[in-house]
Every structure is written in structure tokens, then in C-alpha cells.
Amino acid sequence: MSRIPVIAGNWKMNLLSSDAAALAKSVADAFAGLSGIECVVCPVATSLHAVSGVLAGSSVGLGGQNCYHEESGAFTGELSPQMLQDAGCGWVIIGHSERRKIFGEGDALLNRKLRYALQCGLKVMFCIGETLEEREGGQMDDVLKTQVVEGLAGLSEADFAGVVVAYEPVWAIGTGVTASPEQAQDAHAFTRGLVAEHFGAAVAEGLRIQYGGSVKPDNAAELIAKPDVDGFLVGGAALKADSFNAILSAAAQA
Ligand code: PEP
């Protein structure tokens, strides 16, 4: 099965709305000349409306960086899937390692968020990945297994149509140290195997698995060439139009 690569920019807590809108415009212009890939940008919540306006008429998707598992209520500081949709989003990132580590989000909470976001009709980029200590301590397989089995628990085959898994080794995020293409391929193949074992071979075959962790224009081509790498979740290099658009081009040429 051929899986359409999905390249997403996670802008994290960066850019005021005018800069976010300008970046989105540049991405949309570049993406209009490409084919064979999907593209999503994920600005901060306060820029969603501005970016949504810029993306109107473009096929670049818009995503939130987080959401809660309730529609509304006394959850100060949270955003519901419905609110993201109201701001123009079709996507949301759930389980980014910064949410896991800094904000203490665990697999059970992330699973609730994932299932509710899907129920509301959002597509989800669900992040997994091991720390350096876990990799060096030989725990990587167990960590990925727990994140996949507990994080994706309860999803039906139909639910998986709205799920992309982002494999993001924590040691590669924002460090400039990228997983080698072989390390990425091994982790992606292992993750796909876990999904096959727990959710079925057809689900695993169709599931897109993005790589994230210091993706740059000069390493994107060799990463995307690997058979189980189905796109990227890009942080730092997504904040500059030149570098993100070069990554889009590399993926479109693969
Ligand atoms: C990320 O935050 O999802 C990420 C991959 O960041 P960076 O590309 O900067 O490593």
C-alpha cells in the first residue's frame, strides 16, 4: 500500500499572529506547486484564526498543538476539539514529548484525549518516543510498546483512518542530533509491528508514521527514503519558510 507522506510543522510556543500568518502564506504558496504529499501547520492557539484565514483556499491543513477531552466547562487554560474546529483546525497533535515531560501527561490521559478528538472528527498526530536514558538502557522497545498499546487503546479500525503516529525520539527533539535513517527505520518498523500485533495487519499497513527530531532540509531526503518513514513532524526547521519549504520539496520528490 502506498501511504501519502504527511509533513507537519509544530510551531510550539513561537510566533505572534502576524508572523504566523506570514509564514503560513509562504508555506501555502510553496505547497501549491507540490504534489503527492500532505502538509499541516500547527501554530499557537492565539494565531489559529489568523492562520486559518491565510490558508483559506489552500490545501495546507491546520492543527492545534493539544486539546482536552471535554467539550466545555471548568477546565481553565484548556481547549476543546470543538474550539479547535471553530478556529479552522482539522488536526491536533496529542502526546508531544513536551506535553508528556513538562506537563506530566501520561498514556491514560493521552488516550482519553485521542479518543475524544477522533470522536469529534479531528485527525490526530499522536506522538511517541523514548528518551536517551531509555534507549541506552535497553528499554526502548518496552517504552514504545507501552505508548502504542496504552496510548492507542480502544481505537477501532475505522478510528485509525484519522490517526498518524509521530515517532519522535526525545533525544533528537530540538537537539540538532537527528536519528540516522537506519535508527528511524528500525523504530518505525518496530512501531508498525506493534500496531499489527495489537490492532491488525491492515491497520498497520495503512498507518502513516512520521519521524520527528531535528529534521532539516539536508537530512529529509535520506529519512523519507526509508520504507516505513511516512512523513515528518518538524519543530525548529518549521519556523522558517525556507527550511520548511525545502523539507516539503524533499518529501515531494521522494
Ligand atoms: C518537535 O518538537 O516535534 C520536533 C521534532 O522538534 P525539532 O524538529 O526542533 O527537533
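This is a predicted model: local features need pLDDT of at least 70, side-chain atom pairs count only at pLDDT 80 or more; totals for chains, interfaces and linings use all residues.

Author: Start with helix H7 (residues 140-151) and helix H8 (residues 181-199), which pack at an angle of about 45 degrees with their axes 10 Å apart. Helices here are DSSP runs of H or I with at least four residues, strands are runs of E with at least two, and both are numbered from the N terminus. Axes are lines fitted to C-alpha atoms, for helices over the stretch in contact, and angles run from 0 to 180 degrees between N-to-C directions. H7 and H8 are therefore oblique to each other. The scale is this: under 35 degrees is roughly parallel, over 145 roughly antiparallel, 65 to 115 roughly perpendicular, and the rest oblique.

Residues are numbered from 1 along each chain as its sequence is written, and side-chain values use heavy atoms, with hydrogens and water left out.

Now the H7 and H8 contact itself. H7 brings Met140, Asp141, Leu144, Lys145, Val148 and Val149. H8 brings Ala187, Phe190, Thr191, Leu194, Val195, His198 and Phe199. Contact means heavy atoms within 4.5 Å. By class, the contact of H7 with H8 has nine nonpolar, two polar and two charged residues (Ala, Val, Leu, Ile, Met, Phe, Trp, Tyr, Cys and Pro count as nonpolar, Asp, Glu, Lys and Arg as charged, the others, Gly among them, as polar).

Next, helix H1 (residues 17-31). Its axis and that of helix H2 (residues 48-55) come within 9 Å and cross at roughly 25 degrees. H1 and H2 are therefore roughly parallel to each other. Their crossing is right-handed. Ser17, Ala20, Ala21, Ala24, Lys25 and Ala28 of H1 meet Ala50, Val51, Val54 and Leu55 of H2. That contact holds eight nonpolar residues, one polar and one charged.

H1 also packs with helix H11 (residues 241-253): the axes come within 10 Å and cross at roughly 30 degrees. That makes H1 roughly parallel to H11. H1 passes H11 in a right-handed crossing. Here Leu23, Ser26, Val27, Ala30 and Phe31 of H1 meet Ala241, Phe244, Asn245 and Leu248 of H11. Seven of these residues are nonpolar, two polar and none charged.

The largest pocket has a volume of about 490 Å³. Of its 20 lining residues, Met13, Gln65, Asn66, Arg99 and Phe103 are the closest to its centre. A pocket is an open set of points on a 1 Å grid over the protein atoms alone, where a 1.4 Å probe fits, with protein on both sides within 12 Å along at least five of seven lines; lining residues have an atom within 4 Å of a point. Volume is the space filled by probe spheres set on the points, which are joined across faces, edges and corners. The lining of the largest pocket has ten nonpolar, six polar and four charged residues.

Terms used. A crossing is left-handed if the near helix is turned anticlockwise from the far one by less than a right angle, and right-handed if clockwise.
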